[in-house]
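Visitor: I would like to learn how to read a structure like this one, feature by feature. Could you walk me through it?

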2 protein chains.
Amino acid sequence: MSKPYVVGIDIGGTNTVFGIVDARGVVIASSSIKTRKHNTIEAYLDELHTELTKLLEVNDAVDKIHGIGIGAPNANYYTGTIESGVNLPWPTPIPLAQLVSEKFGVPVSITNDANAAAIGEMTYGSARGLKDFIMITLGTGVGSGVVINGQLVYGHDGFAGELGHLIVKRNNGRLCGCGRNGCLETYCSATGVARTAREFLEARSNEPSLLRNMPTDEITSKDVYDAAIAGDKLAKDVFEFTGDILGAALADFTIFSAPEAFILFGGLAKSGELLMKPLRESMEKNMMPIWKGKVKVLLSELKEADAAVLGASALGWEAKFQPITPSAVPVAPTPSTVPTTTPLTAK
Amino acid sequence: MSKPYVVGIDIGGTNTVFGIVDARGVVIASSSIKTRKHNTIEAYLDELHTELTKLLEVNDAVDKIHGIGIGAPNANYYTGTIESGVNLPWPTPIPLAQLVSEKFGVPVSITNDANAAAIGEMTYGSARGLKDFIMITLGTGVGSGVVINGQLVYGHDGFAGELGHLIVKRNNGRLCGCGRNGCLETYCSATGVARTAREFLEARSNEPSLLRNMPTDEITSKDVYDAAIAGDKLAKDVFEFTGDILGAALADFTIFSAPEAFILFGGLAKSGELLMKPLRESMEKNMMPIWKGKVKVLLSELKEADAAVLGASALGWEAKFQPITPSAVPVAPTPSTVPTTTPLTAK
């Protein structure tokens, strides 16, 4: 392959991390800039261009970039646009794929962060060899990427796979950021765990708990984890409650696409048996009989620091938005020769 | 095309209907046999072979069959097997695709009845031109066929798309045939509607209703429909209740695959605004904001009598199970010349 690398860019609310990745999924080099430093997308892309070009030069990778993949909140794979980036400082919609493609002179694809994680997992992680799986990212919210027959599901409009917004409690459910009540992510995200802890502390006010040693408003899911590991009953019950809801939701998801496995990713997925035991029990209890005992729950194998960049980078192998004005190209002066048929799983 | 027809076979619990279909979706001729007349699958297939051969001869269609598609309960597309046919009189598993392929000497594919309906709708009905839609069949149970990017979703094991078994009531839900409680189909099937009517009659025992003119145990969804059309308040409330639950479920399904449309099929789907008005209102009320007002609810355009046969027949254009012993072939003596590349949507 004449151009042996791809670039992965993960645009988060705070940091933008980018890296050069080879076809085996090795992150050759990576760096980052602050996402919120610039008021315009143009100024932001200027800095990204400068810093990425530096990284390419240092690693002798100029002219060796096959494509760029970007993971970003609310990014639409079909349109290449960030349609409403609630947590980004620029006016939306942002035609990000086209802007970056023009800027760097190479093909670009974008998708949302959970989808990028699913692609990363399929290309380099726990999902290698799986054609039907569902990635569940347990972070500030609950994200998901659904893979069916080896293809990521984008749906009619590019926004498919919002499994964090399954309504798991139809009456008196918690208010969700989406404006509705009772969504899965209000219970099974890191913030959901903290919220459950606060509710339990209030409802069981006579029960001692290590979590009473800190201001209630400052409790994080990490605090709940630490307390549970230290044997705190209330904290352990929070994980029981969380696993119970998440397991039932995974059983519900199974009826849709009959996946071979769920792959859990994110901070909360590292809670070990505290979460996994009630999760598995609830999933099996709620599972339709034909799937009982048949659907695996796996943990991501990607290093968290690399995962976002890796997942995004995998899109670079089949990036779909081509630069319109290839003459303005510092990185890849002959983009018309960039092969476009390399499969995602190219070795 | 040298072989211009396909055969569709719909194996129901009572009748087996089969028809000869041309590439435009016209049912040239059809007939049926009783499903339960024979104690062995071999005797049943003997009769099917005799009757189908007659139909082919009368219609000058012998040697003109490209393939056979079969819709049957619990039929697995991948394995070609009926894995556990709860409502069929023969021991399972039944390697149906292979048996029929041998018997008739042409390629055969099988799938479950709701998937067959989805394929029929995509090939000849309301879903022509749609790449992302979900078929919901409202019959004795609630079946579904999920189409993503133009492909029917079979999942890891061939059983994907059991949307009738979404748990819509997690506490004190109605007992479902699957062994769990609270499944969608216990509320929104024809039997679910009758069940709701009986519950309402008991709970609102002081309220007059036309439905009190018949034995409670014999009430069908058709009776509830007739009463509602006649202005009966309780019967209208049954449809309100049913539409409310189904609409919320469709909103839940949307987060998975972001379909362009849901297509409703089956007796209950013909209830008109009695069902559709509360259904649409509930779907919109429960819809995640990014999809509000964007997902259509359509009714099947296929004639009910033809739909099952048509849907199954569409599978015949790309049937995957080839006869192993082509010498035993009365219908198509030269199966090796059967082209296998005709697309499903061939005109």
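Visitor: Let's start with the open sheet of chain B: how many strands form it, and in what order?

Guide: Keep in mind that this is a predicted model. The open sheet in chain B has 5 strands, ordered 3-2-1-4-7, with mixed pairing. Strand 3 (27–34) and strand 7 (108–111) of chain B are the edge strands, each pairing on one side only. From one strand to the next, the twist averages 15°.

Visitor: In which sense do strand 1 and strand 4 of chain B pair?

Guide: Strand 1 (residues 5–11) and strand 4 (residues 65–71) of chain B are parallel, paired over 6 bridges.

Visitor: Now strand 9 of chain B, please. How many of its residues are buried?

Guide: First the general idea: in a regular strand the side chains alternate between the two faces of the sheet. In strand 9 of chain B, 7 of its 7 residues are buried. Val142(B), Ser144(B), Val146(B) and Ile148(B) cover one side, while Gly143(B), Gly145(B) and Val147(B) lie on the other, and all are buried.

Visitor: What does strand 9 of chain B form with strand 8 of chain B?

Guide: Strands 8 and 9 of chain B form a hairpin with 3 residues between them. The hairpin of strands 9 and 10 of chain B has 2 residues between the strands, and Asn149(B) takes a positive phi near 55°.

Visitor: How many residues of chain B are in contact with chain A?

Guide: An interface can be described in several ways. The size of an interface is often given as the accessible area lost when the parts come together. Here we can count contacts: 30 residues of chain B are in contact with 30 residues of chain A. Strand 9 (142–148) and helix 7 (233–257) of chain B each supply at least two residues to this side of chain B. Helix 7 of chain B provides the largest share, 4 residues. By class, that side of chain B has 16 nonpolar, 8 polar and 6 charged residues.

Visitor: What rotation superposes chain B on chain A?

Guide: Two copies of a chain are related by a rotation about an axis and a shift along it. For chain B on chain A, the rotation is 180° with 0.0 Å of shift along its axis, and the RMSD is 0.1 Å. The two copies are therefore related as by a two-fold rotation axis. Phe256(B) comes closest to the rotation axis among the residues of chain B, at 4.0 Å (C-alpha). Of the interface residues of chain B, 100% are also interface residues in chain A, so the copies meet through the same surface.

Visitor: Which domains does the domain assignment give for chain A?

Guide: The assignment gives domain 1 (5–116 + 304–337) and domain 2 (129–299) of chain A. Their C-alpha centres lie 30 Å apart. Between them, 8 residues of domain 1 of chain A are in contact with 11 residues of domain 2 of chain A.

Notes:
Residues are numbered from 1 along each chain as its sequence is written. Chains are lettered from A and ligands numbered from 1 in the order in which they are written. This is a predicted model: local features need pLDDT of at least 70, side-chain atom pairs count only at pLDDT 80 or more; totals for chains, interfaces and linings use all residues. Two residues are in contact if their C-beta atoms, placed from the backbone, lie within 7 Å. Ala, Val, Leu, Ile, Met, Phe, Trp, Tyr, Cys and Pro count as nonpolar, Asp, Glu, Lys and Arg as charged, and the others, Gly among them, as polar. A residue is buried if 20 or more other C-beta atoms lie within 10 Å of its own, exposed if 12 or fewer, and partly exposed in between; C-beta atoms are placed from the backbone. Two strands pair if DSSP finds at least two bridges between them. Axes are lines fitted to C-alpha atoms, for helices over the stretch in contact, and angles run from 0 to 180 degrees between N-to-C directions. Copies are superposed by least squares on the C-alpha atoms of residues with pLDDT of at least 70 in both. Domain bounds come from an automatic or database domain assignment.
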